[in-house]
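Thanks for coming. I have one structure to go through today, so please look at the sequence and the model first.

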Amino acid sequence: AAADPVSVAPGSLEGGGWCNEHMLHERLDIIEEKVIKTVEHLESEVKSLLNIISETTSNIPTVQGTPLIDIFDGEY
């Protein structure tokens with residue numbers, strides 16, 4: 001019966017552990033880059049939405065004597 005390549009201990013040099021670890025780090029770097037780009041894109045979208053909300057609410061006529069409520073508590 002042929003030897004099963006999966007049965008080699010993880011991290012051992014015989015099974016190319018260094019190569020597998022190197023490939024894993026490369027894939028993690030790619031994933032990290034994608035996550036960073038996604039977060040930057042989402043931040044941009046949120047800022048755009050907040051600007052639209054701000055512009056929209058500033059155009060809403062208010063009845064005199066009605067207290068204004070900051071739904072974001074001044075955070076944005």
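Let me start with Val35, which lies in helix H1. A helix here is a DSSP run of H or I with at least four residues, a strand is a run of E with at least two, and both are numbered from the N terminus. This is a predicted model, where local features need pLDDT of at least 70, side-chain atom pairs count only at pLDDT 80 or more, and totals for chains, interfaces and linings use all residues. Residues are numbered from 1 along each chain as its sequence is written, and side-chain values use heavy atoms, with hydrogens and water left out.

Val35 is partly exposed, at 47% relative accessible area. The classes are buried under 20%, exposed over 50% and partly exposed in between, with a 1.4 Å probe and protein chains only.

Val35 belongs to a nonpolar surface patch of about 430 Å², together with Leu24, Leu28, Ile31 and Val39. Patch residues have over 30% relative accessible area and no salt bridge; nonpolar side chains (Val, Leu, Ile, Met, Phe, Trp, Tyr) are joined within 5 Å, like charges within 9 Å.

Next, the charged pair. The structure holds one salt bridge, meaning a side-chain nitrogen of Lys or Arg within 4 Å of a carboxyl oxygen of Asp or Glu. Lys37 and Glu33 form it, at 3.3 Å from N to O. These two residues sit four apart in helix H1 (residues 17-58), about one turn. Lys37 is exposed at 52%, while Glu33 is partly exposed at 44%.

Finally, the whole chain: one helix, zero strands, and 3% of its 76 residues counted as buried.

Methods:
Areas by Shrake-Rupley, 256 points an atom, 1.4 Å probe, with all protein chains shown as cover.
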